[in-house]
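Please look over the sequence and the model first.

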Amino acid sequence: SPFSVLGEIVVNEVNFVRKCIATDTSQYDLWGKLVCTNFKISFITDDPMPLQKFHYKNLLLGEHDVPLTCIEQIVTVNDTKRKQKVLGPNQKLKFNPTELIIYCKDFRIVRFRFDEAGPESAKKVCLAIAHYSQPTDLQLLFAFEYVGEIYHNPAKKVNGIDPGGGGGGSIGSTTGQQTPLFETYSDWDREIKRTGASEWRVCSVNEGYMISTCLPEYFVVPSSLADQDLKLYSYSFIGRRMPVWSWNHPNGSALVRMANIKDVLQQRKIDQRICNAITRSHPLRSDVFKSDLDKCLPSIQEIQAAHIKLKQLCVNEPFEETEEKWLSSLENTHWLEYIRSFLKHSAELVYMMECKHVSVVLQEEEGRDLSCLAASLIQIMLDPYFRTIVGFQSLIQKEWVMAGYQFLDRCNHLKRSDKESPLFLMFLDCVWQLLEQYPAAFEFSEMYLTILYDSARISLFGTFLFNCPHQRVKESTEFAISKNIQLGDEKGLRFPCVWDWSLQFTSRDRLLFHNPLYIGKSAPCVQNGAVKTFKRSKKNYSSTLRGAPPALKNGIISDQEFLPRRNSLILKLKPDFLQQTESQSNSMEQYFRDWFTKPVDLHGVILPHISGTQIKLWKLCYFRWVPEAQINHGGFITAFHKVSLLADEVDMLNRNLRQYKSNSSLQGSCSELDQSRMYFRANGLNDTTGAPDFLSSSFPFSPVGNLCRRSILGTPLSKFLSGAKIWLSTETLANED
């Protein structure tokens with residue numbers, strides 16, 4: 001059955017439906033049944049997918065499925081009566097639809113025709129989709145239904161889904177490490193030890209969320225601050241979000257996040273005490289540099305507006321109409337400009353920690369939006385651990401999930417939030433920019449980043465469902481009481497964790513998450529039954545540029561284009577301890593200039609190139625559903641394929657070498673063949689086979705079946721809808737009844 005997820009029930013269905021595949025002809029259309037369940041909409045057909053040679057299989061979703069939380073807007077059309085309506089929840093539909101268009105949050109548009117279907121059944125299924133995709137309450141999201149079933153039927157774990165785990169199928173590193181979730185005292189303590197933050201301690205003053213409901217139960221504070229002081233100070237902060245530690249530099253500088261102090265009378269005194277405590281936690285007793293993110297980064301409203309414009313550009317406008325103005329239209333969205341400002345500001349704060357040896361405090365009104373993004377980028381630039389898969393996942397747990405990033409509101413899972421803003425997507429895009437610039441520094445691939453973004457739209461995982469950890473506990477405890485579920489000692493229900501990738505993909509498909517260009521510090525190998533490590537070459541491609549003129553090194557167009565201008569964001573800030581002098585800005589410029597003229601240490605600091613052409617549009621994420629933008633047998637995947645084969649050959653040679661050295665039997669090496677890290681494998685040494693026929697620039701996704709952008713029976717959609725912009729959810733179409 002396609003509905004194998006526990007707790008999933010069919011709500012409504014209609015037969016004899018056509019799924020439209022091409023814009024200008026119906027010859028490729030698929031016939032089948034359209035089904036609405038409490039988890040997704042599904043199209044079930046026996047017809048093979050035309051024009052498509054490859055499908056990346058998600059174990060939770062079929063080829064034609066859309067999770068309900070991924071649906072953005074539902075438009076019903078009757079083309080004979082020339083009527084259309086955007087369907088909200090609990091709305092009536094006064095005409096029988098001949099067509100249904102579903103706009104998805106991942107930029108897909110899916111279109112169905114009901115010419116041969118029963119008119120009443122078609123209307124019912126449209127209303128069911130509108131109702132179930134726009135729930136009025138958090139507890140109506142599918143994850144609750146699923147977890148309720150698990151607790152009532154512990155033996156019925158379908159697809160091996162087990163609530164709560166940090167990674168039974170975690171694709172971690174080759175060692176199979178689990179992703180720390182930072183829900184416990186010990187996870188934070190281990191992070192303190194890993195970063196050598198000896199003057200910091202784990203604080204449990206918020207156990208049971210007694211102080212702040214939007215902070216985790218455990219977090220890290222300066223050792224010199226006593227619990228009773230923290231309790232006292234907490235009243236002065238917005239949301240009682242007192243300052244929390246994020247990370248420590250080997251030189252002792254700390255990265256700290258802090259909400260604004262709302263108590264104006266106490267502001268100076270508390271500020272001083274917090275800064276003194278941070279200074280005392282620094283081995284050099286260095287000063288503290290405060291960065292007010294609200295003043296120097298785009299607001300969440302500006303980011304949302306840019307995202308809406310980007311979506312219209314990538315999806316709504318036919319490519320041939322926008323081709324001439326494409327680059328200027330892209331610039332007018334401001335999306336790339338905002339990515340540049342986040343990368344630039346983060347790089348400037350890296351300079352403060354790395355070069356000036358000062359602790360950095362990220363200050364923001366509530367301390368749970370822009371600071372999630374800035375803190376994460378700073379750590380990725382400074383700490384190579386966060387550029388591994390397990391490290392990156394632990395960073396998201398630490399700086400987003402546990403720090404109280406409001407996934408429910410920002411992702412708008414309940415479709416009624418005026419607080420929607422794609423900050424998490426912008427973060428993944430910033431990471432993609434760094435991955436694109438330093439491909440050998442990251443263990444994960446761009447496919448991994450794209451699939452991670454998609455996973456935030458699947459309402460099964462608790463990871464991206466709530467506004468804070470306390471909300472999970474509170475809502476799930478209420479749900480448990482209403483469903484007679486015995487919780488025992490547990491704090492709330494345990495939801496499936498997104499880091500357990502085995503819930504979505506087979507171990508073979510998970511290999512696509514691995515970046516074949518990655519140069520790890522050392523790769524473990526098994527020799528005579530014992531695990532040993534052998535160093536992989538750290539010689540970098542950038543070392544070949546030593547003789548190049550400075551302006552060309554590392555692909556910078558010109559030194560001047562990258563370097564922070566004298567009036568750049570960070571220099572507008574006026575920290576108490578630092579007189580902003582000419583020499584200060586010069587030393588920052590000198591730091592960047594020096595850094596970019598040296599070969600990159602892939603296991604050290606990495607800094608972004610931010611000149612005009614070096615911040616790019618993330619095509620795999622935004623163009624994967626647009627057929628006109630697809631390059632068959634082209635795109636980055638062709639290089640990815642070639643490098644995978646080479647990396648696999650190198651691994652094969654290493655295995656042969658180890659086998660030769662240890663004189664082990666031939667069977668031993670055969671069993672190792674299945675341990676390849678690569679999705680694409682060499683058939684043997686000197687493999688000369690060409691690239692598979694199914695590779696394209698949208699691999700592993702396929703735009704087939706999302707080709708309904710242009711017309712309704714030959715009329716451009718925009719003209720048919722009187723020029724209304726469907727994507728703008730703020731505007732309602734002329735709802736003709």
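The points below go from the whole chain to single residues.

This is a predicted model, in which local features need pLDDT of at least 70 and side-chain atom pairs count only at pLDDT 80 or more, while totals for chains, interfaces and linings use all residues. Residues are numbered from 1 along each chain as its sequence is written, and side-chain values use heavy atoms, with hydrogens and water left out.

**Whole chain**

- The chain has 24 helices and 18 strands; helices (H or I, at least four residues) and strands (E, at least two) are DSSP runs, numbered from the N terminus.
- Of the 737 residues in the chain, 60% are buried, where buried means under 20% relative accessible area, exposed over 50%, and partly exposed in between (1.4 Å probe, protein chains only).
- Among contacts between residues at least 6 apart in sequence, 73% join residues at least 24 apart; a contact means heavy atoms within 4.5 Å.

**Nonpolar cores**

- In soluble globular proteins, nonpolar side chains tend to be buried together.
- The largest nonpolar core has 181 residues, a core being a set of buried Ala, Val, Leu, Ile, Met, Phe, Trp, Tyr and Cys residues joined through side-chain atoms within 4.5 Å.
- Phe392, Phe427 and Tyr622 have the most contacts inside this largest core.
- Helix H10 (residues 335-354) gives the most to this core, with twelve residues.
- Another core, of 31 residues, lies apart from the largest one and includes Leu93, Leu100, Ala117 and Ala122.
- Not counting residues up to four places away in sequence, Tyr622 touches Phe107, Leu310, Cys314, Trp335, Leu425, Asp429 and Leu617.

- H14 and helix H15 (residues 446-455) pack at an angle of about 180°, with their axes 10 Å apart; axes are lines fitted to C-alpha atoms, for helices over the stretch in contact, and angles run from 0 to 180 degrees between N-to-C directions.
- H14 and H15 are therefore roughly antiparallel to each other, as angles over 145 degrees count as roughly antiparallel.
- Phe424, Leu425, Leu428, Val431, Trp432 and Leu435 in H14 meet Glu446, Leu449, Leu452 and Tyr453 in H15.
- Trp432 lies in helix H14 (residues 423-437) and counts as buried because its relative accessibility is 5%.
- Leaving aside neighbours within four places in sequence, Trp432 is in contact with Glu446, Leu449, Lys616, Leu617 and Trp618.
- Trp432 and Trp618 are 186 residues apart in sequence, and their C-alpha atoms are 7.4 Å apart in space.

**Strands and sheet**

- Strand S5 (residues 71-78) and strand S6 (residues 83-86) pair in the antiparallel sense over four bridges; two strands pair if DSSP finds at least two bridges between them.
- Val75 has Val86 in S6 as its bridge partner.
- The hairpin of S5 and S6 has four residues between the strands, and Arg82 in this hairpin takes a positive phi near 55°.
- An open sheet of four strands has the order S11-S12-S14-S13, with mixed pairing.
- Strand S11 (244-248) and S13 stand at the edges of this sheet, each with a single partner strand, so one side of each is left without a neighbour in the sheet.
- The twist in this sheet averages 20° from one strand to the next.
- S11 and strand S12 (residues 254-259) pair in the antiparallel sense over four bridges, and Asn248 has Ala254 in S12 as its bridge partner.

**Loop residues**

- Most residues other than glycine have a negative phi, and most peptide bonds are trans.
- Asn90, in the loop between S6 and strand S7 (99-104), has a positive phi near 55° and counts as exposed because its relative accessibility is 61%.
- Arg285, in the loop between helix H5 (264-280) and strand S13 (288-292), has a positive phi near 50° and counts as partly exposed at 48% relative accessibility.
- The peptide bond from Phe699 to Pro700 is cis, with omega near 5°, and Pro700 is found in the loop between helix H23 (666-673) and strand S17 (711-712).
- Thr179, in the loop between helix H2 (142-152) and helix H3 (185-195), counts as buried at 4% relative accessibility.
- The side chains of Thr179 and Gln393 are joined by a polar contact of 2.7 Å; such a contact is a pair of N or O atoms within 3.5 Å, and within protein one must be able to donate a hydrogen and the other to accept it, with residues adjacent in sequence counting only if both atoms are side-chain atoms.

Notes
Parallel < 35°, antiparallel > 145°, perpendicular 65-115°, else oblique.
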